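Please view the sequence and the structure together while reading.

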Amino acid sequence: MESVFYSPTRIIFGEGSLKRVGEEAKKFGKKVLIVTGKSSTKKSGSLDDLVNSLASHNLQVEVFNKVEPDPSVETVEEGAKVAKKCAVDVVIGLGGGSSMDVAKGIALLMTNKGKITDYFGTDKVKEPAVPIIAIPTTAGTGSEVTKYAVVTDRKKMLKQIIGSSHISPRLAILDPLLTLSMPASLTANTGADALSHAIEGYVSTQANPVGDILALKSIALISEALPQAISQPNNLEVREKMLFASMLAGMVISSAGAGIIHGMGYFITLHYDAPHGLANGLLMPEVMEFNLVANPAKYKNIAEAMGKKIEGLSEMEAARLSVVAMRELLQKIGIPKGMKEIGVKEESLAGFAKTVSRNERLLTLNPRRPTRKEIEEIYRKSM
């Protein structure tokens with residue numbers, strides 16, 4: 001059976017690597033647009049450190065700091081206007097997944113005509129984007145190594161995917177020092193997000209042997225390091241493990257794609273303002289429970305990677321331990337037990353299930369294809 005793994009991003013990983021940005025960015029040109037959120041990178045000092053590194057190499061710098069969580073079509077379009085006006089040569093995304101997603105959207109609009117909405121879907125981007133440098137400040141999305149950007153269409157109340165190798169960052173700079181400022185809740189939510197990437201990519205119908213190795217390593221690292229990152233927030237070694245695991249999971253999902261955890265989670269984020277990783281965490285155990293009959297061998301491996309002893313158990317018994325391990329880990333890191341704890345209403349679920357059941361891409365990638373009724377049932381069990 002044919003399998004494909006592709007990861008075009010050059011990666012610089014290590015403590016203090018942010019200082020390398022200036023010398024790397026000047027290889028792409030003279031004018032730089034930094035895309036970031038409204039306050040956190042300014043508050044942490046990472047934005048100033050980035051600007052100083054660029055300025056020390058005589059680069060012209062413009063900052064677009066209007067990125068909101070779950071960024072909108074309008075934000076990407078506004079950023080693209082700034083980029084075009086300044087005729088930038090390189091776009092740098094500094095922050096969490098939202099900043100990197102907006103950076104990708106802006107960079108593609110520099111070289112492709114039309115509006116960002118024209119590129120919703122897979123492989124619709126015709127021309128390579130201007131070079132993108134991605135610098136994550138959270139250990140979660142793995143967007144620094146993916147070919148995906150997620151943009152919120154607020155008019156339709158949908159999170160839309162842009163998928164194209166043309167928007168893969170040319171360079172990712174991963175400096176664990178930048179993640180030290182993450183509070184416990186952000187650490188937990190982004191960690192759950194990274195774990196959902198590793199698991200969904202591992203059991204995807206498009207999974208491949210290279211991605212499988214990365215996925216199991218990511219799952220094992222996160223299971224060990226995530227509780228420690230919350231209890232010991234200043235432990236740089238633990239933060240390094242989480243950032244590395246998140247990057248691996250990003251490679252996996254970029255190659256193999258996501259399943260219904262993501263498809264279902266988007267609606268909890270959109271309608272109840274829940275962080276993306278939290279929404280995924282709330283749904284993960286029940287989706288895993290639903291999926292494991294389709295690939296018990298892989299769920300057995302997940303259980304083992306999460307620290308469960310599986311000797312002497314049947315394949316299905318071992319597979320079920322992956323769900324037990326997931327529930328235990330989520331409880332340990334403070335994820336609520338059910339969606340009702342964050343205000344999700346039962347009456348929303350049928351409508352969410354109806355829309356998710358039309359998402360052919362995610363249903364095809366999921367190891368077990370659910371009906372609309374089964375999607376609604378998973379939502380209800382996650383309440």
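By class, which residues make up the lining of the second largest cavity? That lining has four nonpolar, two polar and one charged residues, where Ala, Val, Leu, Ile, Met, Phe, Trp, Tyr, Cys and Pro count as nonpolar, Asp, Glu, Lys and Arg as charged, and the others, Gly among them, as polar. The residues concerned are Ala139, Met182, Thr187, Thr190, Ala229, Arg239 and Met242.

The model is predicted: local features need pLDDT of at least 70 and side-chain atom pairs pLDDT 80 or more, while totals for chains, interfaces and linings use all residues. Residues are numbered from 1 along each chain as its sequence is written, and side-chain values use heavy atoms, with hydrogens and water left out.

A search of the whole structure finds two cavities of 30 Å³ or more. A cavity is a set of points, on a 1 Å grid over the protein atoms alone, where a 1.4 Å probe fits but cannot get out; lining residues have an atom within 4 Å of a point. Grid points are joined across faces, edges and corners, and a volume is the space filled by probe spheres set on the points.

The second largest cavity has a volume of about 30 Å³, and the largest holds about 40 Å³. Around the largest cavity lie Ile199, Glu200, Val203, Gly259, Ile261, Val287, Asn291, Tyr299, Asn366 and Pro367.

Technical notes:
On a 1 Å grid over the protein atoms alone, a cavity is a set of points where a 1.4 Å probe fits but cannot get out, and a pocket is an open set with protein on both sides within 12 Å along at least five of seven lines; lining residues have an atom within 4 Å of a point.
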